[in-house]
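Biologist: I would like a close look at one part of this model, followed by an account of how the rest is arranged around it. Please take me there slowly, with the cut-offs stated as you go.

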Amino acid sequence: SGNSINGSIPVELSNCVLLENLALDRNILTGIIPSSLGISLQKLSILSLHSNNLTGSINTTGFQKAQQMLLSHNFFYGTLPFLNMNISRIKTLDLSSNFFEGSLPDAFISNAILDNNCFMNAVNQRSFDECVEFYSAKGLIYQWPVGAPSLTIKTRNGRGKNHLIPILAGVLGGLVFIILLIWLVVFLSKQ
């Protein structure tokens, strides 16, 4: 870790089937986590890839024995991984400062670090606009959950931010302006 390694994660690491600890954190790695990595590294207990420039959704096929997964400060996105895994064995799960979206299940890992993502039902998340901008730049649509209030979002400090009032005020103000303008034109044309 911290060796200024750049490029993508080598697929050849999948050949290291006895590997128990993979620490490539604090480098300049880009690209995705190769899907073969999780499938081949069945003995891996620590996966530390935080503080890189990795992106994409995370395929959790494999990594079945991982106890520590440190994936923060990257550009991972998509719905929450790990829902199809037995997550009770994970002692440390840090997914903070990425762009994961969707809703967190009620019974998710209580000590998971999930701040600064795009989760709908969690505090300390990125703004709605920041999430939409990120997903748009990737050519994707930010999946705001069905039934969720589309104008109320969670801000970084956890307080709800309601955009409905300023929007309605702008619409009503515009209507009043148009009515006054029409009245003025009619009044001036009669004289």
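Where in the structure is the place of Trp183?

Modeller: Trp183 lies in helix H3, which covers residues 164-190; helices (H or I, at least four residues) and strands (E, at least two) are DSSP runs, numbered from the N terminus. Before going further, please keep in mind that this is a predicted model, in which local features need pLDDT of at least 70 and side-chain atom pairs count only at pLDDT 80 or more, whereas totals for chains, interfaces and linings use all residues. Residues are numbered from 1 along each chain as its sequence is written, and side-chain values use heavy atoms, with hydrogens and water left out.

Trp183 counts as exposed because its relative accessibility is 53%, exposed being over 50% relative accessible area, buried under 20% and partly exposed in between (1.4 Å probe, protein chains only). Trp183 also belongs to a nonpolar surface patch, whose members include Phe177, Ile178, Leu181, Phe187 and Leu188, and which together has about 1,000 Å² of accessible area. Such a patch is made of residues with over 30% relative accessible area and no salt bridge, nonpolar side chains (Val, Leu, Ile, Met, Phe, Trp, Tyr) being joined within 5 Å and like charges within 9 Å. For the protein, the accessible surface comes to about 11,000 Å², and 61% of it belongs to carbon and sulfur atoms; these areas come from the Shrake-Rupley method with a 1.4 Å probe, and for residues only the protein chains shown count as cover.

Around this part, the protein has 3 helices and 12 strands, and buried residues make up 38% of its 191 residues. An open sheet of 6 strands runs in the order S1-S3-S5-S7-S9-S10 with parallel pairing, where two strands pair if DSSP finds at least two bridges between them. Strands S1 (6-7) and S10 (118-119) stand at the edges with a single partner strand each, so one side of each has no neighbour in the sheet. S10 pairs with S9 (residues 99-102) in the parallel sense over 2 bridges, and Glu101 stands opposite Cys118 in S10. Helix H2 (residues 128-137) packs on the sheet and touches S7 (75-79), S9 and S10, contact meaning heavy atoms within 4.5 Å.

Turning to charged side chains, the whole structure holds 2 salt bridges, each defined by a side-chain nitrogen of Lys or Arg within 4 Å of a carboxyl oxygen of Asp or Glu. In one of them Glu130 meets Arg126, with the closest N and O atoms 2.8 Å apart; Glu130 is partly exposed at 26%, while Arg126 is buried at 11%. Asp25 forms a salt bridge with Arg26 at 3.1 Å between the closest N and O atoms, and Asp25 is buried at 4%.

Arg26 sits in the loop between strand S2 (21-23) and strand S3 (28-31), and has a positive phi of about 55° although it is not a glycine. Asn27 is found in that loop between S2 and S3 as well, and is buried, with a relative accessible area of 8%. Not counting residues up to four places away in sequence, Asn27 touches several residues, among them Asn3, Ser51 and Asn52; the C-alpha atoms of Asn27 and Asn3 are separated by 6.0 Å, although these residues are 24 apart along the chain. Ser51 lies in the loop between strand S4 (46-48) and strand S5 (53-56), and has a positive phi of about 60° without being a glycine.

Key
Axes fitted to C-alpha atoms, helices over the stretch in contact; angles between N-to-C directions.
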